[in-house]
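Subject: Structure handover

Hello,

Here is the structure I promised to pass on.

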Amino acid sequence: MANRVIPAAQRLLKTLRPLNSASSTTISGVSPITFPEKAQPEAEEELLLPPLDGHHPKAAEALFNLDDENNRLFASVPTLKLLRAAANLHMVAMEPMVDVGMWMMRSRLMTTPGVKDVILGFIRSTFYEHFCAGEDTVATGESVRALNEAGLRGMLVYALEYASDNESCDRNLQGFLDTIESTKSLPRSSVSFIILKITAICPMKLLQRVSDLLRWQQKDPSFNLPWKHETLPIFSESSPLYHTMEKPEPLTPEEERDLELVHQRLQRLSEKCVEANVPLSVDAEYTSIQPSIDYLTYASAIKHNKGDNPIVYGTIQAYLKDAKERLLLASKAADKMGIPMGFKVVRGAYMSSESKIASALGYDSPIHNSIEETHACYNECASYMLERIGNGSGAVVLATHNVESGKLAVKKAHEIGISKVHQKLEFAQLYGMAEALSFGLKDAGFQVSKYMPFGPIELVMPYLLRRAEENRGLLSASTLDRNLTREELKRRLKAAIF
């Protein structure tokens, strides 16, 4: 690809504040991505974007451009959609809106005929249409096609979690299987991942029981777990074990049967993803149940990740103090077993609840002590995974709304040689958010996906409100998108008048 001249790419990037609020040591042998110590000069200069298959000396200074005036990031977005986006982003930036939404969805108003319809009608035409892909696979398919035409891909999130019994788990499983089947009718490669929360196919109580037993085995390696499948390392030496204070009782025969059913559900999903050639990414959740989630994910990856392309991906939450160590242990173990392992790297979404639980039990929070430590951890994990990919091992999804992390990962990719990482690196942002970052990364030649929740509005809204409650800082920090959307609307208005 020919070099493109990008004037003043630093002008906006220099002034951006991080978009992702969440919450360090350095992984041995890895060159971490680091934030620049000094601000770049404000003077405009002509900067070159390196070609996809090579290096360029200017790569460290400017790799993708978020200057809307020069790059027209929103050129493919219709004006009506921009207007709606501007209104919605301004509303969700006000934190009281989240509180009002949570109260409303839990109140008696939702059981009052007529009032419920009015509330859902307002939500459908505002927040739902902005942050959700559709109410069923047909509508979601249209949203995916629209993204595909704009050069982006979709990560399909059937908004289900917290199953209570085997019946609801099986019902949810069928919904995920139908979602995977629907990708066969969509443009090739327009869907990058199917997203799964294990809590949708395994009752929470069983996840807690399995996690307790795994933690106890970490404390006492002689503790026998006869039901345990082959897996990758789940804990590091610094992983918190305070959730399990007493030796747990073994699984009952019924619990063992239920756990085997979970393995079978995950196997069916993995096999369906192999058939459709769409990877399955398993989301991380609370640390109280994360050991069982990692156990199930890695056990499935060992069975289904073959050849060069991972099918089952795990998730690393960089706001956790043990994140880098666990990533290193799991990836190296996968290498020894000849398993191509993919990871999605996120900052994390359960900061408030995690800290409260740890404090109540008299322990330090498992989350980094500062946002700067979390940023450093995220960037080091990204650097480590990119170097692995450059050496021909694994794959990574860098899920971030943080402009600095995006910029530094792009720099790292060019240092390694983007042709080596291009097919194994995916950037990701939430549907309806961080559009400037998504389009900027896409325009720089990278694969970019949007995390697309879908499903009936009554099913999806509680799911979205829980995500909103967990990501308050993320919603209120969407300043860049609000500003660029407003500027693009002004530009179009001027163009229409003059």
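Two rings of Phe, Tyr or Trp count as a pair here if their centres lie within 6.5 Å. On that basis Y158, F176 and F454 make up one aromatic cluster. Please keep in mind that this is a predicted model.

Aromatic pairs

Across the whole structure, the search gives 7 aromatic pairs. One of them is Y158 with F176, an edge-to-face arrangement with 5.9 Å centre to centre and 85° between the planes. This pair links distant parts of the chain, as Y158 belongs to strand β3 (residues 153-158) and F176 to helix α7 (residues 166-182), 18 residues apart. Y158 and F176 are both buried.

F193 and Y313 form another edge-to-face pair, at 4.8 Å centre to centre and with 90° between the planes. The cut-off for buried is under 20%.

Around S281

S281 sits in strand β5 (residues 280-282). With a relative accessible area of 1%, S281 counts as buried.

Around A318

A318 is in the loop between β6 and α11 (323-337). Its relative accessible area is 0%, so A318 is buried. Which residues does A318 touch, not counting residues up to four places away in sequence? They are A323, V346, R347, H368, T374, C377 and Y378. Two of these contacts, R347 and Y378, also interact with each other in the sense that R347 lies over the face of Y378, at 4.4 Å from the ring centre. The C-alpha atoms of A318 and I367 are 8.7 Å apart, although 49 residues separate A318 from I367 along the chain.

Packing of helix α8

Helix α8 (residues 204-219) packs with helix α9 (residues 253-276) at an angle of about 105°, and the two axes are 11 Å apart. Angles of 65 to 115 degrees count as roughly perpendicular, so α8 is roughly perpendicular to α9. On the α8 side the contact is made by L206, R209 and V210, and on the α9 side by E255, D258, L259 and V262. By class, this contact has 4 nonpolar and 3 charged residues, and no polar ones.

α8 also packs with helix α10 (residues 290-304), at an angle of about 90° and with the axes 7 Å apart. That angle makes α8 roughly perpendicular to α10. L207, V210, S211, L214 and R215 of α8 meet Q290, P291, S292, Y295 and L296 of α10. The contact of α8 with α10 has 6 nonpolar, 3 polar and 1 charged residues. V210 of α8 takes part in the contact with α9 and in the contact with α10.

Regards

Conventions: Residues numbered from 1 in each chain as written. Predicted model: local features only at pLDDT ≥ 70, side-chain atom pairs only at ≥ 80, totals over all residues. Heavy atoms only, no water. Axes fitted to C-alpha atoms, helices over the stretch in contact; angles between N-to-C directions. Helix = DSSP H or I, 4+ residues; strand = E, 2+ residues; numbered from the N terminus. Parallel < 35°, antiparallel > 145°, perpendicular 65-115°, else oblique. Contact = heavy atoms within 4.5 Å. Nonpolar A, V, L, I, M, F, W, Y, C, P; charged D, E, K, R; others polar. Phe/Tyr/Trp six-rings, centres within 6.5 Å; stacked < 30°, edge-to-face > 60°. Buried < 20%, exposed > 50% of the residue type's maximum accessible area, 1.4 Å probe, protein only. Lys NZ or Arg CZ within 6 Å of the ring centre and 35° of its normal.
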